Amino acid sequence: MGLPLGAALAACGSSGPTRPGTPSGGGGGGGATYWYLSTQPQEGVRTRTVERFNKANPNGQIAGTTFQNDAFKTKIKTAIGAGQAPTLIWGWGGGTLRSYVQAGQVDDLTSWFDQNATLKDRLFPSSFGAATIDGKIYAMPCETMQPIVLYYDKRSFDKIGAQPPQTWGDIMDLVPKFNAQGIAPFALGGQSRWTNMMWLEFLFDRMGGPEVFQAVFDAEKDAWNNPIAIDALGKVQELVKADGFIKGFSSITADSNADQALLYTGKAAMMLHGGWTYGSMKQDGGDFVSGGNLGYMNFPPIDGGKGDPTNTVGNPGQYMSISSKATPEQKEIAKKFFATELMGDQAVKEWVATGAVPIVKGADKEFAASDDAEFLNFVYNIAVNAKTFAQSWDQALSPTAAEVLLDNIAKLFQLSISPKEFATNMNAVIGK
Amino acid sequence: MSALATSATAPKRKGRGGSLAWMTVPALLFFTGFGLIPLVGVLVLSFTSWDGLGDIHFAGVDSWANVLADPGLPHALWVTFLVMALSWAVQTPASILLGTFLANHHRYRAVLSVVYFIPLLLSSAAIAIAYKALLDPNFGLGAGLQIPLLVQDWLGDPYLAFGVVIFVVSWQFIPFHSLIYQGGVRQIPRSMYEAAELDGAGRVRMFFSITLPQLKYTIITSSTLMVVGSLTFFDLIFVLTAGGPGDATRVLALDMYVRGWMASQMGPASVIAVILVLVGLVLALVLRRLGGRDASHSQLEGA
């Protein structure tokens with residue numbers, strides 16, 4: 001319930017008391033600044049990582065400030081636009097990072113990574129895609145990878161005596177069976193819009209491979225008119241029409257975790273959602289996760305589809321850039337932080353403890369000790385084996401195109417526009 | 001000598017005529033700083049292209065052409081108008097009736113008026129979050145109390161979502177307007193009702209022939225507040241529906257926010273802001289004309 005309020009607060013005032021990156025006017029001051037998200041358990045890991053760094057570096061401290069998710073998105077943009085960005089700019093890479101690069105607000109880290117090749121080798125290569133703009137690296141990938149996973153409730157499948165779907169055809173067959181039992185086939189927090197988007201990401205990939213969306217990303221003219229795209233958009237509408245999603249899904253937000261609650265309370269049988277929901281379902285779902293009722297799998301293939309079924313989409317990592325407006329001292333502190341604690345051994349251990357997979361090669365060595373070893377290994381293997389780990393569309397595209405995309409996705413799921421109209425609306429913002 | 005004389009008389013003269021003008025300075029400063037300067041800024045921004053991050057480029061009338069050609073604008077204008085008209089149509093009769101009811105000096109009515117006042121004490125965001133939780137089709141009030149009628153796709157169906165917005169807005173603001181009407185009704189001289197009673201008029205007749213006409217200026221005041229206020233509804237709708245489903249509840253203020261902050265197009269967002277200001281000014285002017293023409297005219301005619 002915290003997120004909507006945070007969003008509203010961000011809307012009310014975008015210039016509250018912040019701690020902008022202080023220019024090194026004062027002698028001893030001039031430490032680096034770092035803003036990060038306040039959601040637990042991730043906040044704790046970030047805070048402790050900074051504390052460790054500060055303990056080891058008494059002469060070059062980092063001052064952290066925490067923000068709510070949606071408040072952060074607006075706030076960081078305002079601060080950067082006003083030239084008062086924190087030294088360390090945390091984000092999701094992709095289109096937003098590109099807009100920072102175009103405005104000349106973040107430093108090019110390519111040569112720094114060349115000098116620190118061991119650090120670069122330590123991290124998953126696939127995580128660098130969203131940090132790379134026009135062949136140059138502008139951010140250090142960090143924290144955890146979060147592929148989108150098809151979760152299911154084993155109890156519901158036992159109830160109707162069925163197996164988890166192996167193909168899209170299976171999914172369509174399961175829909176009437178679950179509905180007949182009064183169980184919604186899929187939970188969906190449709191008001192959040194990006195939740196619907198995850199469906200399209202997989203349908204596009206499984207049917208046509210990553211090339212279909214890549215064409216949009218590369219700003220090819222009328223890329224959405226690709227017959228495969230139209231077909232995939234139609235498929236999701238078929239699922240909506242068949243009552244594949246829980247009744248009233250457009251009233252449900254992901255921010256309140258109501259979609260996850262539908263799964264662990266047995267009201268819905270399956271859910272397509274990010275890897276991060278495993279931790280919250282474990283925390284909120286009583287014995288749902290610990291009792292072994294939660295199943296998970298990669299999105300199944302679609303008959304006749306060209307996409308590789310090992311592909312996945314989601315967040316290949318989080319990203320940390322250095323503000324170009326920071327002082328040389330601040331930049332030094334930031335680089336030292338990158339090289340030492342940010343993805344250091346202790347940080348990797350702590351990220352694993354949150355039930356997530358850090359973007360560090362060989363992180364699976366840490367899994368054995370964890371209660372969640374099975375899930376962690378599953379996510380790790382998805383990431384290792386994926387031919388492509390595509391970034392979420394709304395993160396990959398520019399903010400302008402992403403907003404139009406989310407708007408049209410909501411209408412597509414409302415059945416108020418046809419796939420053709422969707423394609424026309426989206427073609428209009430290609431490359432914007 | 002003469003200089004001394006003038007300087008001695010000057011403060012005196014100022015003390016009479018000048019002191020009042022001087023008192024407006026703080027208000028003027030605030031209005032200039034927080035009203036006029038941002039307004040000019042927005043007007044300038046509406047002729048530029050800016051993503052909120054990089055440099056601001058002059059773009060002529062691009063943003064204006066862009067926004068005016070966008071079918072989203074007439075839609076947002078229409079939604080804004082509907083919110084305005086419907087919330088007025090729901091709130092005004094309810095507020096007049098409640099205000100008249102509460103104007104009588106009974107203890108139980110005083111207690112009720114305190115109870116009615118509570119929604120006004122809550123922030124819009126808190127109200128929106130509470131309603132969102134209550135209306136959740138799976139975990140909300142309907143599901144909890146097992147009342148099938150209440151289990152609807154409240155925020156997911158375009159018409160229902162619109163209705164919910166009107167309802168919640170009314171729920172929040174009826175107390176405020178009731179208070180205004182309560183004051184208005186209490187100003188009406190008792191003698192008019194006594195005269196009507198002597199003439200044999202019933203309660204309903206008295207309400208329509210005395211109370212309503214006497215409330216004319218109160219109605220205009222309250223309507224101006226409602227109509228102009230409804231232009232700026234943002235927080236409540238943003239939290240409740242985020243303008244959705246689709247764009248069913250995307251009012252102008254929300255459209256401005258979405259374009260500016262979510263789509264990083266400050267130019268077109270500023271165009272919407274300017275349009276919002278213009279619409280607000282025109283409305284306020286029209287409403288002033290409606291009521292203000294014969295402001296010197298006594299309401300207490302015949303009393």
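A residue counts as buried if 20 or more other C-beta atoms lie within 10 Å of its own, with C-beta atoms placed from the backbone. By that rule, 53% of the 432 residues of chain A are buried. The model is a predicted one.

**Chain A overall**

- The secondary structure of chain A consists of 19 helices and 14 strands.
- The C-alpha trace of chain A spans about 70 × 50 × 40 Å along its principal axes.
- Chain A has a radius of gyration of 22 Å, which agrees with the value near 22 Å for a compact globule with 432 residues.
- When contacts in chain A between residues at least 6 apart in sequence are taken, 77% of them join residues at least 24 apart.

**Domains of chain A**

- Chain A is divided into two parts: domain 1 is made up of 31–143 + 317–343, and domain 2 of 147–313 + 392–427.
- The contact between these domains takes eight residues from domain 1 of chain A and seven residues from domain 2 of chain A.
- On the side of domain 1 of chain A that touches domain 2 of chain A, there are two nonpolar, five polar and one charged residues.
- The centres of domain 1 and domain 2 of chain A, taken over C-alpha atoms, are separated by 31 Å.

**Contact between chains A and B**

- Chain A gives 36 residues to the contact, and chain B gives 31 residues.
- Five helices of chain A each supply at least two residues of the side that touches chain B: helix H1 (2–12), helix H3 (69–81), helix H4 (94–102), helix H12 (258–264) and helix H18 (399–413).
- The side of chain A that touches chain B holds 17 nonpolar, 13 polar and six charged residues.

**Chain B**

- Chain B contains 14 helices and two strands.
- Of its 303 residues, 33% count as buried.
- For contacts in chain B between residues at least 6 apart in sequence, 67% join residues at least 24 apart.

**Gln237(A)**

- Gln237(A) sits in helix H11 (residues 227–241) of chain A.
- Gln237(A) counts as partly exposed because it has 18 C-beta neighbours inside 10 Å, while a buried residue needs 20 or more and an exposed one has 12 or fewer.
- Leaving aside residues up to four places away in sequence, Gln237(A) touches Leu412(A), Leu415(A) and Pro419(A).
- Gln237(A) and Gly44(A) are 193 residues apart in sequence, and their C-alpha atoms are 41 Å apart in space.

- Asp134(A) is not a glycine, yet it has a positive phi of about 50°.
- The loop between strand S4 (132–133) and strand S5 (136–137) of chain A holds Asp134(A).
- Asp134(A) has 8 other C-beta atoms within 10 Å, so it is exposed.
- Arg193(A) has a positive phi of about 70° and is not a glycine either.
- Arg193(A) lies in the loop of chain A between strand S8 (184–187) and helix H9 (194–208).
- Arg193(A) counts as buried because it has 25 C-beta neighbours inside 10 Å.

Note on methods. Residues are numbered from 1 along each chain as its sequence is written. Chains are lettered from A and ligands numbered from 1 in the order in which they are written. This is a predicted model: local features need pLDDT of at least 70, side-chain atom pairs count only at pLDDT 80 or more; totals for chains, interfaces and linings use all residues. Helices (H or I, at least four residues) and strands (E, at least two) are DSSP runs, numbered from the N terminus. Two residues are in contact if their C-beta atoms, placed from the backbone, lie within 7 Å. Domain bounds come from an automatic or database domain assignment. Ala, Val, Leu, Ile, Met, Phe, Trp, Tyr, Cys and Pro count as nonpolar, Asp, Glu, Lys and Arg as charged, and the others, Gly among them, as polar. The radius of gyration is taken over C-alpha atoms; the globule rule is 2.2 Å times the number of residues to the power 0.38.
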